[in-house]
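Work through the exercises below with the sequence and the model open side by side. Try each task before reading its solution.

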Amino acid sequence: MASKTTAATAPAVNDLTVVFGDQAVIAPLKAPKAPQQTITMFAGATAGQWVPAIDPKYVWSKELLRLAQRLVSQVVSKNWLLVGPPGCGKTEFAYQLCARTNRPVEVVECSEAIEADALFSTILPAEDTKSGLKRIDGPVVRAARSGATLILDEVTGLAPEVQIALHNLLDGRPIQIRATGEIVTPHKEFMVIATANDVSGEHRHKYKGTFALNSAFKSRFAAPKFSYLDEATEIAALISRAPGLDPIIARSLVRVAIAVRTSVAAQLREFSFRELMVAGRALATQKSMKVEDAVLEAYSGKETSQDASAIGDLVKAELALSKAK
Ligand SMILES: Nc1ncnc2c1ncn2[C@@H]1O[C@H](COP(=O)(O)OP(=O)(O)OP(=O)(O)O)[C@@H](O)[C@H]1O
Ligand SMILES: [Mg+2]
């Protein structure tokens, strides 16, 4: 349902139209110029630039949609940091936003193994050169040149010196490729979406192989609140991802997950949407399976016996509540 807004209230998102009954669809933006060539190979990776496919089973809440509009409008910032618990949908949101708005992406799965120079430029074997080698742009430069969206997935995997090497780029300044001296001015559609579970480093024991983001790096991003879907959307997303799941059972599962997430006393690990999907699919395909067993298989089977029993209690309490209604 596209609504007209007056000049005074109109957000600068005229390129996006919201077209939906109860499902949001973001109308495609004009594709940036010359973005869609496939560039092969970056430091051993096989994928180059591509526009993610639209996933029709992805469920847009109003909140996600509003956030998508803010990102694409680029008014507030061109650099966005989505911080949230595991499996709440950060990476998928970045992909689906780009899919719906026809934005090519460059994805860097951040880890300690990534070196700053390789993000900018790298050397590959080549049959058609005398030296048998050729230099190609790394993902950061490819994205900056073409206006693709740079997705820094699990950005806390980047070592501090690599974070620093991105400061100029994040400031929107032209960047220099150290190896060649070439200066590249970022395309106007270029933007960065980074995802992380914990940017403070406080929970490093839970997220092995991660670094705290340094303050200067963090200060270059807008970091909107990003967490689990609201209850109604999460139920809809679960049914969408676990076809055939009884909506009543879907609701119970989501409520169990919410109870686990919010149970301060028991201090349980986050119950991710990823795990909800596993439980939902088990229950959708094995009608005789008990909700308790599906939750055990998807989530509590990985916990200590004490935690598992706390979760068992939450499941029982939730099911009793559902029956009582
Ligand atoms: N709105 C949604 N509708 C349907 N499915 C969703 C939605 N959001 C997330 N999912 C699904 O949930 C799963 C987890 O999402 P995703 O991988 O984006 O989580 P994440 O927050 O990036 O997790 P992590 O921190 O572990 O990387 C994926 O399979 C994704 O497709
Ligand atoms: Mg992710």
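**Exercise 1: Placing Ala250**

Ala250 has 24 C-beta neighbours inside 10 Å and therefore counts as buried. The structure is a predicted model.

Task: State which helix holds Ala250 and which residues Ala250 is in contact with, leaving aside neighbours within four places in sequence.

Solution. Step 1: Ala250 has its place in helix α9. Step 2: once neighbours within four places in sequence are left aside, the contacts of Ala250 are Ile235, Leu238, Ile239, Leu245 and Gly280. Step 3: for a distance across the fold, take Ala284, which is 34 residues from Ala250 along the chain; the two C-alpha atoms are separated by 9.4 Å.

**Exercise 2: α9 against α10**

Task: Describe how the axes of α9 and α10 cross and list the residues that meet.

Solution. Step 1: the two axes come within 11 Å and cross at roughly 150°. Step 2: angles over 145 degrees count as roughly antiparallel, so α9 is roughly antiparallel to α10. Step 3: the crossing of these two helices is right-handed. Step 4: from α9, Ile249, Ala250, Leu253, Val254 and Ala257 meet Leu276, Ala279, Gly280 and Leu283 of α10.

**Exercise 3: α8 against α10**

Solution. Step 3: α8 passes α10 in a right-handed crossing. Step 4: α8 makes the contact through Glu234, Ala237, Leu238 and Arg241, and α10 through Phe273, Leu276, Met277 and Gly280.

**Exercise 4: The largest nonpolar core**

Task: Find the residues with the most contacts inside the largest nonpolar core and say where the core draws its residues from.

Solution. Step 1: the core has 78 residues, and Leu238 and Leu253 have the most contacts inside it. Step 2: helix α9 (residues 247-262) gives the most to this core, contributing 7 residues. Step 3: at least three residues come from each of domain 1 (1-227) and domain 2 (231-324). Step 4: Leu253 touches Leu238, Leu276, Ala279, Gly280 and Val291, with residues up to four places away in sequence not counted.

**Exercise 5: Glu275**

Task: Decide whether Glu275 is buried or exposed, and list what Glu275 touches.

Solution. Step 1: Glu275 lies in helix α10. Step 2: a residue is buried if 20 or more other C-beta atoms lie within 10 Å of its own. Step 3: Glu275 has 22 such atoms within 10 Å, so Glu275 is buried. Step 4: not counting residues up to four places away in sequence, Glu275 touches Gly87, Ala298 and Tyr299. Step 5: Gly87 is 188 residues from Glu275 along the chain, yet their C-alpha atoms are separated by 8.0 Å.

**Exercise 6: How helix α2 is covered**

Task: State how many residues of helix α2 (residues 90-100) are buried and what covers them.

Solution. Step 1: α2 is mostly covered, with 8 of its 11 residues buried. Step 2: these are Lys90, Phe93, Ala94, Tyr95, Gln96, Leu97, Cys98 and Arg100. Step 3: the cover includes α1 (62-73), β1 (79-83), β2 (105-109), β5 (149-153) and β8 (191-196). Step 4: just after α2, Asn102 takes a positive phi of about 60°.

Terms used:
Residues are numbered from 1 along each chain as its sequence is written. Chains are lettered from A and ligands numbered from 1 in the order in which they are written. This is a predicted model: local features need pLDDT of at least 70, side-chain atom pairs count only at pLDDT 80 or more; totals for chains, interfaces and linings use all residues. A nonpolar core is a set of buried Ala, Val, Leu, Ile, Met, Phe, Trp, Tyr and Cys residues joined through C-beta atoms within 7 Å. A residue is buried if 20 or more other C-beta atoms lie within 10 Å of its own, exposed if 12 or fewer, and partly exposed in between; C-beta atoms are placed from the backbone. Helices (H or I, at least four residues) and strands (E, at least two) are DSSP runs, numbered from the N terminus. Domain bounds come from an automatic or database domain assignment. Two residues are in contact if their C-beta atoms, placed from the backbone, lie within 7 Å. A crossing is left-handed if the near helix is turned anticlockwise from the far one by less than a right angle, and right-handed if clockwise. Axes are lines fitted to C-alpha atoms, for helices over the stretch in contact, and angles run from 0 to 180 degrees between N-to-C directions. Angles under 35 degrees count as roughly parallel, over 145 as roughly antiparallel, 65 to 115 as roughly perpendicular and the rest as oblique.
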